[in-house]
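Dear colleague,

I am handing over the structure below, and I would be glad if you could look through it before reading my notes.

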Amino acid sequence: MAMPSLGEDTAKAVLRQVEFYFGDSNLPKDDFLKTKINESEDDMVSLALICSFSKMRGHLNLTEVKKAEDVPDCTLKVVAQTLRTSSSLKVSEDGKKVGRSTKLLEPAELIEQLDSRTIAASPLELNVQREALEAFFGQYAKVNSVRLPRHVVQRKYFCGTALIEFSAAEDAQTVLEQSLVFAGAELELKPNKDFDVIREKEVEKFERNRSITTSNGLNAEEKHPKGVLVAFKLKSASAGDSAEQNGPDEKKTAENETDKEKVDDKHESPIDKVVEKENKSSISIYKDDMNVVLREDLKDVFKKFGTVKYVDFRIREDKGYIRFEQPEAAQKAHAASVSAKGGLVVKNFIANVEPVTGVAESEYWSLLRGNQGKHRVGNHLHWRGGKNNGGGKRGRDGENGSPRGRPNEAKRAREA
């Protein structure tokens, strides 16, 4: 039987994956792989074991393989042949083991080198693919790896900032000096060290807010939907206009408002204003008025990201909340707002969107329960956008929350 061969694309993917496993950015925090190396006499690891990892099974189409001993010998032979072309890997003579071609540096020196050749790039869509980023940045220099760090609070999701490691510090510096646009958004590029500083502050803030939540008697594990809530704030799209919505003209107000009390906008906050109920009459009156935003207008804008369960908003207020059915929809809405550089267009207004997390999220659901299940609670909460929402603007960090690695991350790191 003829020995199978790897196609060009498969060979490139396999080579990149194994180089990543043994590379400077993964191996130091991959406790499982380090243990296997330390247990061996020649600092090498079973190639069958490497091929049994999830990503490798996908590249090699080994859908039936569950463990190392199930990997076919013919597959091992062609993989070994491919890995022998790498300058950073070594393969045993019998083709059954693989390892690094050079020793791993001491931690301090390794971190310094990694920082010098790694940059942070944002904002990126939450469903961005590593392969797309590698191909994009590969136009400017050789890319060693692409990491997609998790959000500080919503650890299930990508934070929107990718870490790109190049083969040389000079390459990273050259790219930092570029003005790059990816997927229609101008990228903000910064050194990895700056990224780390921002991330550490966000982690500290999250831990502090979690501590405050517990001390205030709010159960951090309280059962309510997590990550489905976003806050938005409206501002006029016209230069010089107030950030609050422009109300209807005086004649319409006099004829149609159910509450006739006059409110001085200069002295009252939006929370204290007398607002109009958004009933069928108001929808009919204002649906074509570009200076008045209705719940229906907001729903039409946000439903493209996922199922909108409720729009917590009243006419002529300048802020509110959107409750989605799924966390993915909230993440997409936030990412779209960031990518749009200013927010989402709603009639003559721009809606700046921020996820509601941490203490703010707990307060919202606590108020909802306190109102005996009523939908409307946003009137009692202050705007939690940006740094005040308990989760920061955009989470930043290493593959699973820390650029230096944390316990129990080894397996996830291997599947980069």
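What follows concerns the pocket and then one group of strands.

Please bear in mind that this is a predicted model, in which local features need pLDDT of at least 70 and side-chain atom pairs count only at pLDDT 80 or more, while totals for chains, interfaces and linings use all residues. Residues are numbered from 1 along each chain as its sequence is written, and side-chain values use heavy atoms, with hydrogens and water left out.

Helix α1 (8-21) gives the largest share, 5 residues, and α7 (130-137) and β5 (143-147) each supply at least two; helices (H or I, at least four residues) and strands (E, at least two) are DSSP runs, numbered from the N terminus.

In strand β14 (residues 349-355), 6 of the 7 residues are buried, that is, under 20% relative accessible area (1.4 Å probe, protein chains only). Strand β14 pairs (at least two DSSP bridges) in the antiparallel sense with β10 (residues 229-236) over 7 bridges, where Lys233 stands opposite Asn352. On β13 (residues 344-346), which is joined to β14 by 3 antiparallel bridges, Leu344 has Ala351 as its partner; the β13–β14 hairpin has 2 residues between its strands, and Lys347 in the turn has a positive phi of about 55°.

Best wishes

Note on methods: Buried < 20%, exposed > 50% of the residue type's maximum accessible area, 1.4 Å probe, protein only.
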